[in-house]
Amino acid sequence: MVVEKNVPLQPWNTFGIAARALNLVRIREVADLLQARSDLALSQAPFFVLGGGSNIVLTGDVKPTVLKMEIKGFRLVEETAKAWIVEAGAGEAWHDCVAWTLRQGYPGLENMALIPGTVGASPVQNIGAYGVELQDRFESLDAVDMSTGQVFTLTAAQCAFGYRDSVFKHGAPVTPIEREGVQPMGLAGRAVITHVRFRLPRPWKPELGYLDLERRRAEAGIESPTAKQIFDWVCEIRRAKLPDPAVLGNAGSFFKNPTVTPEQCSDIIAREPRIVHYPMPDGSVKLAAGWLIDACGWRGKTIGKAGVYEKQALVLVNRGTAQDSVTGGEVMTLAKAIQTSVYERFGIRLEPEPVVV
């Protein structure tokens, strides 16, 4: 195991923010993680797991030891009449995982094509797009408890998935995960995911509930699209709406879509009839955060070198250069100004998606 010192992180976060890791270890297999825990005393010291860097805002140099997740590999674990069970290493790029499953003839992840980040980060955020969330395709995952060195497996129920939420985003558990039958709650800063398995249902059926996809299907005149066609449509839609981080630094959708009660929604509609909203299965109503931000006049605006993307108000971007990048402080100043505007106009508190480091 090699500990790299004073490592530039600008190439490894999609916002392109200039910052450094005081100590960085590349994790290419589970043994690297266990050795890092032992040699660096990470059972007691804080650490930070870095995957694709697509969901973080760096506000300064990272003092905790950075574990750069690079565990690779794809494999078919099991095939039954009802599903394909597929496993991927936590260090694989998420989009590469989606593309691999389709090439192998295992459809089911196509609606989540082109989501940035790594496989290991996908359960943490419970990623989702165009009518499908990770929890809909999740089987189980393997992780290491850095406080004990235990390698353990979690099911979907134990991950406590919610909207862009999971057990990995909350603090230390009250009860130890070693006790059989006890659901672990709060594994942030304690567990590191190493492998994720997906259950891809058979027979496959297309998920076309989203307006953008239905519009593409109608334009193409295709009654029953294939998984590859849906994959291509999703890629086209995302590329048209979202900036390429290699060209314009960003962390994707910066705010979660807020949910309100039907009564709250009716009150807002009375004042703002055009507000974009979606009824949810649990009876709540999801509001389009991008629409709220746009209605407050933020599209295309900047604070310092942090800006709001012209084509999609939900995306904050880096208006600086590689030599003179936006700072994490500028990004958060812009984010807080947007939150204030939306709250003052709509009474809605927007919650950021990225992790602020």
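This report walks through some helix packing and a few backbone and loop details in a predicted model.

Residues are numbered from 1 along each chain as its sequence is written, and side-chain values use heavy atoms, with hydrogens and water left out. Because the model is predicted, local features need pLDDT of at least 70 and side-chain atom pairs count only at pLDDT 80 or more, while totals for chains, interfaces and linings use all residues.

**Helix α6 and its neighbours**

Let's start with α6 (residues 227-241). Helices here are DSSP runs (H or I, at least four residues), strands are E runs of at least two, and both are numbered from the N terminus. α6 has 15 residues and reaches 21 Å from its first C-alpha to its last, close to the 21 Å expected at 1.5 Å a residue; the expected span is 1.5 Å times one less than the number of residues.

Which residues of α6 are buried? They are Ala-227, Ile-230, Phe-231, Trp-233, Val-234, Cys-235, Ile-237 and Arg-238. Buried means under 20% relative accessible area, exposed means over 50%, and partly exposed is in between (1.4 Å probe, protein chains only). The cover over these residues includes α2, β8 (128-129) and α5.

Two packed helices are described by the angle between their axes and the distance between the axes. Axes are lines fitted to C-alpha atoms, for helices over the stretch in contact, and angles run from 0 to 180 degrees between N-to-C directions.

Take α2 (residues 94-104): its axis and that of α6 come within 10 Å and cross at roughly 155 degrees. His-95, Val-98, Ala-99 and Leu-102 of α2 make the contact with Ala-227, Phe-231 and Cys-235 of α6, where contact means heavy atoms within 4.5 Å. By class, that gives six nonpolar, one polar and no charged residues. Ala, Val, Leu, Ile, Met, Phe, Trp, Tyr, Cys and Pro count as nonpolar, Asp, Glu, Lys and Arg as charged, and the others, Gly among them, as polar.

On to α5 (residues 211-220), which packs with α6 at an angle of about 120 degrees, with the axes 10 Å apart. Here Asp-212, Leu-213, Arg-216, Arg-217 and Ala-220 of α5 meet Trp-233, Val-234, Glu-236, Ile-237 and Lys-241 of α6. This contact divides into five nonpolar, no polar and five charged residues.

**Helix α9**

The 19 residues of α9 (residues 328-346) should span 27 Å, and the end C-alpha atoms are 27 Å apart, which agrees. Its buried residues include Glu-330, Met-332, Ile-338 and Phe-346. Gly-347 follows α9, with a positive phi near 70 degrees.

Most residues other than glycine have a negative phi, and most peptide bonds are trans.

| Residue | Phi | Relative accessibility |
|---|---|---|
| Asn-6 | near 50 degrees | 43%, partly exposed |
| Asn-126 | near 45 degrees | 0%, buried |

Asn-6 sits in strand β1 (residues 3-8), and Asn-126 in the loop between α3 (122-125) and β8. The peptide bond from Arg-202 to Pro-203 is cis, with omega near -5 degrees. Pro-203 lies in the loop between β12 (191-201) and α5.

**A loop residue**

Ala-81, in the loop between β6 (74-79) and β7 (83-89), is exposed at 69% relative accessibility. Ala-81 and Pro-201 are 120 residues apart in sequence and 9.0 Å apart in space, C-alpha to C-alpha.
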